[in-house]
Amino acid sequence: MTALGLHGLSKDLGNLAVVDDLTLEVEPGELLALLGPSGAGKTTTLQLIAGLLRPTKGDIRFDGRSILDQPPERRRAVLMLQTPSLFPYMSTADNAGFGLLMQGWGRQRARDRAEGMLTEVGLPGLGDRRPAQLSGGQQQRVALARALLAEPRVLLLDEPLANLDPELRQEMRGLIGTVQRERAITTIFVTHDQEEAVEMGDRIALVFDGRLEQVGSPPDFYERPRSPRTAHFFGSQVFPGTRHGDTVATSLGNLCVTQEQPGDGPVAVTIRPEEVVLGHGGPENTVEGRIIESHYRGRHVTLRVAVADAVVEASLHPDQARSLPIGGITKMTLPADRLWVMAADGT
Amino acid sequence: MNLHPAAQDRTGSIMRHRERDHTITARALAASVLILLTLPVATLVLFSVTRGYFFPQLIPAEWNLRAWRLLLRPGSEVWGAIVTTLVLGLVVVAVALVVAIPAGRALGRHAFGGKRLVELLLLMPLLAPPVVVAMGLDFAFLRLHLTNGFWGVALAHLIPAVPYAVFIMSGVFANYDPAGEGQARTLGATPLRTFRHVTLPAIAPGLLVAAVMVLIVSWSQYVLTLLVGGGQVVTLPILLFATSSGGDTALTSALAIITIIPVLVLLILTSRHVSRMPLARMGTR
């Protein structure tokens with residue numbers, strides 16, 4: 001059974017459909033990364049689940065049962081925000097134990113339990129401090145402890161790492177991942193950073209303009225993007241063209257493809273940079289171009305090769321790249337069975 | 001000053017002089033403000049314990065506590081007036097705050113149609129001369145049978161009191177981050193407990209300032225109390241004006257001190273919070 005189900009969920013603000021007919025299921029204990037550019041309706045979706053906003057249409061179900069008529073305090077869908085939003089008038093321990101206090105725990109018992117949780121998130125012995133005496137990263141840990149102590153049925157994380165510096169962010173990613181897995185908390189993790197989504201998410205749900213674009217495992221988005229827009233968002237190279245039979249006419253020339261769908265008409269093709277074969281021609285799909293950029297990335301080198309109006313990105317082993325200097329002309333092959341074809345956006 | 005100073009020393013010494021100048025200026029300013037504030041009160045104190053103190057006498061001819069004895073004797077109507085003024089003030093504070101918390105939140109945090117009009121309407125009672133307001137109210141209240149009684153006067157006091165409270169609270173809410181409220185709700189707090197544990201502690205200093213302002217507005221109200229209360233509701237200002245027209249300087253002075261002291265004490269006790277208020281942002285947004 002799905003732990004959390006969104007069914008045709010919509011939220012209009014004025015004439016704008018911020019969330020538009022969103023249907024999504026999250027398995028128990030799963031961490032779903034809700035990915036999308038800013039303004040895609042990710043935060044609104046979380047607020048709808050938490051009960052801080054009412055949907056215009058659609059249903060939200062926990063374990064198959066609609067929770068739309070329940071106020072936020074009964075849903076146990078706990079939000080954690082980008083800003084820690086701690087209660088400044090309470091000690092760190094009272095902040096962390098807030099959920100317990102609301103459940104009617106005695107102050108001392110809640111405090112003891114909170115101290116334990118603070119130790120678990122890496123803040124032992126700081127229970128008596130005020131939030132203002134903690135660093136931003138520490139405050140975010142307190143917010144995490146507070147969310148976990150409320151024993152969430154669903155944990156809603158709204159870009160909780162966006163305000164942290166890179167090192168701290170990496171650390172917090174690990175911490176959130178660990179505590180989420182250990183407790184098997186059903187979690188939605190909102191982010192606009194596809195790398196973060198790939199690293200954190202068991203699955204990713206990509207939304208554009210309030211609409212669900214694609215749901216799948218992280219590799220799906222690189223290897224089998226559903227639309228050119230998705231491919232762009234994941235940083236893949238996209239070549240628009242027109243399909244006719246097994247051939248796609250692109251700015252690189254005519255490319256043979258083996259994939260059957262989508263059929264004839266406007267399409268786009270994409271290829272992973274590491275699948276491009278450089279230096280020599282193959283039986284088909286061979287193009288010639290001038291190397292305009294070369295970026296050393298440790299384990300591989302990324303070359304940008306200008307072909308007519310387009311640029312092909314290819315990555316290869318550093319040893320191989322030595323024979324391919326900037327300015328040089330090279331042949332390369334885009335293997336037909338490595339090309340991924342998508343219907344053009346808006347079709 | 002040192003005759004052969006190194007350049008650095010000279011700068012340092014000039015800086016020290018500047019600092020000293022600033023301190024002197026600040027002290028002089030503080031002293032004059034203090035004198036301006038305390039001199040009238042001091043004069044009142046002097047007049048309240050003397051009799052027949054006229055120019056060009058240097059020292060009063062006669063010292064006595066007649067006025068104080070008269071005012072503070074058991075059964076004096078001053079006691080009743082103090083109670084009336086205080087109870088009236090507390091009722092007005094309570095009602096004004098209950099109105100001002102949601103109204104200030106709406107004005108401080110949200111954009112809505114007719115917001116400017118609401119703000120203008122709120123300012124009207126503060127701009128219109130009190131006598132005009134009071135006359136109009138008196139006519140309206142006569143029809144509603146609200147004249148000559150405590151509740152009518154309380155209602156009348158709310159007219160200048162509510163705008164003060166609302167503008168102060170809208171300034172408080174303009175700087176208030178409501179994110180914590182949503183957090184509290186999802187953590188299991190009911191709306192009431194969210195207000196009690198999250199909202200109230202955050203707005204408490206502003207609420208205190210609003211309460212003090214409203215209490216002062218009600219405490220010093222004369223025209224509204226006189227016209228709507230019809231002389232039946234006797235507050236300290238009513239008593240003070242009546243006494244002052246009687247021409248007894250000592251009695252008037254003593255009563256003026258009784259009227260002003262609670263306000264001064266209240267202001268001194270809460271000045272820390274008042275000075276911290278973001279006055280510049282009040283009523284904006």
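This section describes the predicted model of a complex containing chain A and chain B.

The predictor assigns the complex an ipTM of 0.78 and a pTM of 0.77. For chain B, the mean pLDDT is 84, and 89% of the residues reach 70 or more. Within chain B, helix 3 (residues 77-109) has the highest mean pLDDT of the elements, 94, whereas helix 1 (residues 7-48) has the lowest, 75. The pLDDT falls below 50 over residues 278-285 of chain B. Where pLDDT is low, predicted coordinates should not be read in detail.

Chain A contains 11 helices and 20 strands. Its C-alpha atoms fill a box of roughly 75 × 45 × 35 Å along the principal axes. Of its 347 residues, 40% count as buried. Among the contacts in chain A between residues at least 6 apart in sequence, 65% join residues at least 24 apart.

Several of the strands of chain A can be followed through their pairing. Strands of a sheet pair through backbone hydrogen bonds, in either a parallel or an antiparallel manner. Strand 1 (residues 4-13) of chain A pairs with strand 4 (residues 57-62) of chain A in the antiparallel sense, over five bridges. Here L6(A) stands opposite I60(A) of strand 4. Strand 4 of chain A also pairs with strand 5 (residues 65-66) of chain A, again in the antiparallel sense, over two bridges. In this second pairing, F62(A) has R65(A) in strand 5 as its bridge partner. The hairpin of strands 4 and 5 of chain A has two residues between the strands, and D63(A) in this hairpin takes a positive phi near 50 degrees.

An open sheet of chain A consists of five strands in the order 13-12-11-14-20, with antiparallel pairing. Strand 13 (253-256) and strand 20 (340-343) of chain A stand at the edges; each has a single partner strand, so one side of each is left without a neighbour in the sheet. Neighbouring strands of this sheet are turned by 40 degrees against each other on average, direction ignored. Inside the sheet, strand 11 (residues 238-244) of chain A and strand 12 (residues 247-250) of chain A form an antiparallel pair over four bridges. The bridge partner of H244(A) in strand 12 is T247(A).

Another open sheet of chain A has five strands in the order 15-19-16-17-18, with antiparallel pairing. The edges are held by strand 15 (277-278) and strand 18 (310-316) of chain A, each with a single partner strand, so one side of each lacks a neighbour in the sheet. Strand 16 (residues 286-296) of chain A and strand 17 (residues 301-307) of chain A pair in the antiparallel sense over six bridges. In this pair, S294(A) has L303(A) of strand 17 as its bridge partner. The loop between strand 15 and strand 16 of chain A holds P283(A). P283(A) is exposed, with 9 other C-beta atoms within 10 Å, where the cut-off for an exposed residue is 12 or fewer. The C-alpha atoms of P283(A) and A336(A) are separated by 10.0 Å, although the two residues lie 53 residues apart along the chain.

In soluble globular proteins, nonpolar side chains tend to be buried together. The largest nonpolar core in the model has 127 residues. The residues with the most contacts inside this core are A145(A), L156(A), A96(B), A100(B), A165(B), A210(B) and V214(B). Helix 6 (residues 150-174) of chain B supplies the largest share of the core, 15 residues. Leaving out residues up to four places away in sequence, A145(A) touches A96(A), A114(A), M117(A), L118(A) and V121(A). A second, separate core of 24 residues includes A231(A), V238(A), I271(A) and V305(A).

Between the chains, 13 residues of chain B are in contact with 18 residues of chain A. Helix 7 (179-186) and helix 8 (191-219) of chain B each supply at least two residues of the side of chain B that touches chain A. Helix 7 of chain B gives the most to this side, with six residues. By class, the side of chain B that touches chain A has five nonpolar, six polar and two charged residues.

Elsewhere in chain B, helix 10 (residues 236-245) has L236(B), P237(B), I238(B), L239(B) and L240(B) as its buried residues. Helix 10 of chain B is followed by G247(B), which has a positive phi near 85 degrees.

Notes. Residues are numbered from 1 along each chain as its sequence is written. Chains are lettered from A and ligands numbered from 1 in the order in which they are written. This is a predicted model: local features need pLDDT of at least 70, side-chain atom pairs count only at pLDDT 80 or more; totals for chains, interfaces and linings use all residues. Two strands pair if DSSP finds at least two bridges between them. A residue is buried if 20 or more other C-beta atoms lie within 10 Å of its own, exposed if 12 or fewer, and partly exposed in between; C-beta atoms are placed from the backbone. Two residues are in contact if their C-beta atoms, placed from the backbone, lie within 7 Å. Ala, Val, Leu, Ile, Met, Phe, Trp, Tyr, Cys and Pro count as nonpolar, Asp, Glu, Lys and Arg as charged, and the others, Gly among them, as polar. pLDDT is the predictor's confidence in each residue, from 0 to 100. Axes are lines fitted to C-alpha atoms, for helices over the stretch in contact, and angles run from 0 to 180 degrees between N-to-C directions. A nonpolar core is a set of buried Ala, Val, Leu, Ile, Met, Phe, Trp, Tyr and Cys residues joined through C-beta atoms within 7 Å.
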